[in-house]
Amino acid sequence: MGVIILAAGSSRRMGRNKLSLPLLGKTVLEQTVTLYQQTFPEILVITPLLIAPSSVQEGMGGTLREAARLIPPSWQGVVVALGDMPFIAPTTLKTFFAAIEKAPEEVWALSFQGRRGHPVYLPRRYFSLFSRLFGDVGLRQLLPELTPKTIDTEDYGVVFDLDKPEDYEPYGKLILVKGAGDIASGIIWRLYQAGFKVVATELLKPTTIRRPVAFAQAVFTGEHTVEGVLAKKATLLEVPNLLVNGIVPVVPDEEGVAVKGLKPWAVVDARLAKRNLGTTKDEAKIVIGVGPGFTAPDDVHAVIETKRGHFLGRAIYQGTAEPNTGVPGEIGGHTVRRVIYASASGRVHWYCDFGQRVNAGMVLGEVAGEKIIAQISGVVRGLIHPEVDVRAGMKIGDIDPRGIPEYATTISEKALAVAGGVLEALLKLDSSSL
């Protein structure tokens, strides 16, 4: 059994060779080939050089008819895949492969919520039927009489192809956000609502404390939803499928390989490290730094102010954000006392949970045998994950003195203000219309 990937079909609607377009760090065709290589041992890419020009011009039917003549004699079955469909989940293809191996004499197809898609598998005894294919219809004209066994999925990638310019354009403007803490997540959430495709990168053990509103939580739990937007922990190979299914991929990436691997249109450094950890303008067409540590236009194209107050969320195109004072912003009349700092190094064991009302003096947890005491009354808004090794003096929690439980599970006004600045900068710096 092997796979033929059709890379010689018509691109009339796109007006250009869509398979050579850049897509998430590769070309469209390279993405498709890489996807199938993870599961299937033998792959044959059918390019225009391998078949007659008249068959290519005829369309899918003619291309497939000629491609069938190139199937190696050793193949007892063939998976027919399309070069412009690189968004199928690797796990979907593994399920497909397992079904074929279990019943290789059956015809197999994938579908999305009952809608038939690709790829399709045919055993050798049906290869002669390829000679009946003409025009631009493809296997669709044969499948009714073949009565394939269908594996129905929730994977939109099995029916989505890059057939029109509007199919491709959102992926040509991929935004990579470094960091998936609460401020970064507010940025991701707002960009998602504006229709952008967004990928986040994070540490192997994120140190964010406002975990209910941080996509970073997906690194620990596999998936996490913030105000209706779902994120999932992902590898670079899984990114295309998650994006097409409306999911935000969160890629653990301490080595910083995601930028090079995905080649995004824009990069937003929202790690809030108070210094530049190595982000440069050459990482993407548009590069934005969030908070102090960046200078526009020297190392980034724009900087977004993160200090609470009159200038919060403003986009700066010449200069820097306000320097870090080391004092937390005021909420409900409190600054330092609302933040919980580790008094020792180790792992934290919490006795409280998000949204819980606490009083000053209450024991919230312990680290290395030392109790963690609430300095003020309010609602628990931030708790570092218990799997994180903390160090003495590190920020590990947060109490909101306003006392409103809902604030612990919804994106903050600060995050949304900063996100608005990022959105402004992206639109201003983009030389073409969306």
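Leucine 429 is partly exposed, with a relative accessible area of 28%. By the convention used here, buried means under 20% relative accessible area, exposed means over 50%, and partly exposed lies in between (1.4 Å probe, protein chains only). The structure is a predicted model, in which local features need pLDDT of at least 70 and side-chain atom pairs count only at pLDDT 80 or more, while totals for chains, interfaces and linings use all residues. Residues are numbered from 1 along each chain as its sequence is written, and side-chain values use heavy atoms, with hydrogens and water left out.

## The surroundings of leucine 429

Leucine 429 belongs to helix H11. Helices (H or I, at least four residues) and strands (E, at least two) are DSSP runs, numbered from the N terminus. Apart from its neighbours within four places in sequence, leucine 429 is in contact with Ile286, His301, Ala302 and Tyr317; contact means heavy atoms within 4.5 Å. Between leucine 429 and lysine 395 there are 34 residues of separation in sequence and 35 Å in space, C-alpha to C-alpha.

## The chain as a whole

The chain contains eleven helices and 24 strands. Its C-alpha trace spans about 80 × 45 × 30 Å along the principal axes. Of its 434 residues, 53% count as buried. Among the contacts with a separation of 6 or more, 62% come from residues 24 or more positions apart. The chain exposes about 18700 Å², of which carbon and sulfur atoms supply 51%; accessible areas come from the Shrake-Rupley method with a 1.4 Å probe, and for residues only the protein chains shown count as cover.

Nine strands form an open sheet of mixed pairing, in the order E11-E12-E13-E10-E9-E14-E15-E16-E17. Two strands pair if DSSP finds at least two bridges between them. The edge strands, each of which pairs on one side only, are E11 (223-226) and E17 (315-316). Within the sheet, strand E10 (residues 198-202) runs parallel to strand E13 (residues 248-252), and three bridges join them. Glutamate 202 stands opposite proline 252 in E13.

Two helices lie across this sheet's strands. Helix H7 (residues 182-193) lies across E9, E10, E11, E12, E13, E14 and E15, and runs at about 165° to E10. Helix H11 (residues 413-429) lies across E9, E14, E15, E16 and E17, at about 160° to E15. For these angles, axes are lines fitted to C-alpha atoms, for helices over the stretch in contact, and angles run from 0 to 180 degrees between N-to-C directions.

## Salt bridges

Side chains of opposite charge can pair when their charged atoms come close. A salt bridge is a side-chain nitrogen of Lys or Arg within 4 Å of a carboxyl oxygen of Asp or Glu, and a search of the whole structure finds 18 of them. The table gives examples.

| Salt bridge | Distance between the closest N and O atoms |
|---|---|
| Aspartate 163 and lysine 18 | 3.8 Å |
| Arginine 65 and glutamate 58 | 3.0 Å |
| Aspartate 398 and arginine 338 | 3.1 Å |

Aspartate 398 and arginine 338 are buried. Lysine 18 is also buried, at a relative accessible area of 5%. Arginine 65 is buried at 11%, whereas glutamate 58 is partly exposed at 25%. A network of salt bridges links Glu58, Arg65, Glu66 and Arg69.

## Backbone details

A cis peptide bond, with omega of about 5°, joins histidine 118 and proline 119; proline 119 lies in strand E7 (residues 115-123). Another cis peptide bond joins alanine 296 and proline 297, with omega of about 0°, and proline 297 lies in the loop between E15 and E16.

Glutamine 113 is not a glycine, yet it has a positive phi of about 50°. Glutamine 113 is in the loop between strand E6 (108-112) and E7, and it is exposed, at a relative accessible area of 52%. Lysine 263, likewise not a glycine, has a positive phi of about 45°. Lysine 263 is in the loop between helix H10 (258-262) and E14 and is exposed at 61%.
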